[in-house]
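The sequence and the structure come before the discussion.

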Amino acid sequence: MTPIALAPHVDGAELGGEALPPIGDLSLAGLRDLSVEMGHPAYRGDQVAAWLYRSTVRSFADMGNLPMALRQALAARFRIDAMAVEAEAVSADGETRKVALRLPDGDLVETVLMRYPVRDDGTGAERATVCVSTQVGCPVKCAFCATGLMGFTRNLSTGEIVGQALHFLRWSREVPPVVRNVVFMGMGEPLMNYDATMGAVALLVEGAGLGVHRLTVSTSGWLPGMERLAADPFPVRLAVSLHAPVDDLRSTLVPLNRRFPLPVLLDACWDYQARTGRRVTFEYVLLDGVNDTPALARELVRILRNHDVHVNLIPMNPVSSLPFGASRPEAVEAFHGVLRVAGMICTVRREMGRDIRAACGQLRTEVRERARAAVAVAP
Ligand code: SF4
């Protein structure tokens, strides 16, 4: 196991007043209103947004073109860093970095940076993607997920979600490639925290200037959120965590399937596609001997055939406390082969960060267990 750097505030962040709300909780319009409320022209709000999301400064004092009185008034009411880094883990190849971020109420969430180099054959481009959390814990309780084991604590605010992306956006400006993609795929079910998630989407697009087509919201199949997303002014990419092509098995792996079984889930996907014109991605975590047989691959082809979809096969990052293992490479290849022969657009996600327990929830669990152990041995 790769040792995890455990150090409070390892990036030097201080929350600067535990009681102050993160300024990232305000929309761009909210920043303009705030500026007026503080006795300044509305355009000052746009300047604040530029400092926060384009320059990614960490102090109001650094907002050089703002009047000093406004900088001081902002610092008295808000903080910029929504969270402080509690622990950080870096994969042996340096391409995956995971941080456990401490919230003001003491809980932890995880954020992961994945850097993809140019492929060995010279194709593709260097790129960096941040995977952000949207909830503390998760109410969906998928059977193979470390976060699902924790249960649900609370929703994150917009500022707490966008703050995760900004953490690595800032870092990647020093160590390119610069982050251009954000996936809402970490701890939690983003569509059960719809307003805060889409508030973060708006700030990343309109504030930080990321392309909306580079943002992906992943759902385990929360239909009320999918219906709202189909009508949302920000047409993000939709990824659906499928994990099984038959109801019995999917209900075992993703309990939400009992409420929204496959036929209604797929109808919602096709409705999203018809209304947005966007391809839907289906995520499929391959679990050894559970959902990785050729017969299930053929069933997957059958239910997705005739639609514009991308299937992303994900080798599982094993979680020691759960009875699931990663599929054997032959099984992955056979499953992939069935989909390829059927003409489906299908990729096998590169295994990233297994040595730092990159599956969501694992770093948070480890940090908490270490903290408990430290308390237990304290004199
Ligand atoms: S896989 Fe996603 S939706 Fe399922 S329990 Fe884990 S975080 Fe929640």
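## Helices H5 and H6

Axes here are lines fitted to C-alpha atoms, for helices over the stretch in contact, and angles run from 0 to 180 degrees between N-to-C directions. In this predicted model, the axes of helix H5 (residues 158–174) and helix H6 (residues 194–207) come within 8 Å and cross at roughly 45 degrees. Angles under 35 degrees count as roughly parallel and 65 to 115 as roughly perpendicular, so H5 and H6 are oblique to each other. Their crossing is right-handed.

On the H5 side, the contact is made by Thr158, Ile161, Val162 and Ala165. H6 contributes Ala196, Thr197, Gly199, Ala200, Leu203 and Leu204. By class, the residues of this contact of H5 with H6 are 7 nonpolar and 3 polar, with no charged residue.

## Helices H1 and H2

Helix H1 (residues 28–37) packs on H2 at an angle of about 130 degrees, and the two axes are 7 Å apart. That angle makes H1 oblique to H2. H1 passes H2 in a right-handed crossing.

From H1, the residues in contact are Leu28, Leu31, Arg32, Leu34 and Ser35. They meet Arg44, Gly45, Asp46, Val48 and Ala49 in H2. The contact of H1 with H2 divides into 5 nonpolar, 2 polar and 3 charged residues.

## Helices H7 and H9

Helix H7 (residues 223–230) and helix H9 (residues 262–276) have axes that come within 9 Å and cross at roughly 10 degrees. H7 and H9 are therefore roughly parallel to each other.

In H7, the contact involves Leu223, Met226, Glu227, Leu229 and Ala230. Their partners in H9 are Val264, Ala268, Asp271, Tyr272, Arg275 and Thr276. Sorted by class, the contact of H7 with H9 has 7 nonpolar, 1 polar and 3 charged residues.

## Ligand shell

Which residues come nearest to the ligand? Of the 12 residues around the ligand, these are Cys138, Val140, Cys142, Cys145 and Gly148. The shell as a whole has 6 nonpolar, 4 polar and 2 charged residues.

## Backbone features in loops

The peptide bond from Pro176 to Pro177 is cis, with omega near 10 degrees. Pro177 is found in the loop between H5 and strand S8 (179–184).

Thr56 has a phi near 50 degrees, a positive value in a residue other than glycine. Thr56 lies in the loop between helix H2 (43–54) and helix H3 (68–77).

## Confidence

The mean pLDDT of the protein is 90, and 87% of its residues reach 70 or more. Over residues 1–14, pLDDT stays under 50. For residues 1–14 the model has 26 contacts beyond four places in sequence. Where pLDDT is low, the predicted coordinates should not be read in detail.

Methods:
Residues numbered from 1 in each chain as written. Predicted model: local features only at pLDDT ≥ 70, side-chain atom pairs only at ≥ 80, totals over all residues. pLDDT = per-residue confidence, 0-100. Contact = placed C-beta atoms within 7 Å. Helix = DSSP H or I, 4+ residues; strand = E, 2+ residues; numbered from the N terminus. Parallel < 35°, antiparallel > 145°, perpendicular 65-115°, else oblique. Nonpolar A, V, L, I, M, F, W, Y, C, P; charged D, E, K, R; others polar. Near = placed C-beta within 6 Å. Left-handed = near helix turned anticlockwise from the far one by under 90°.
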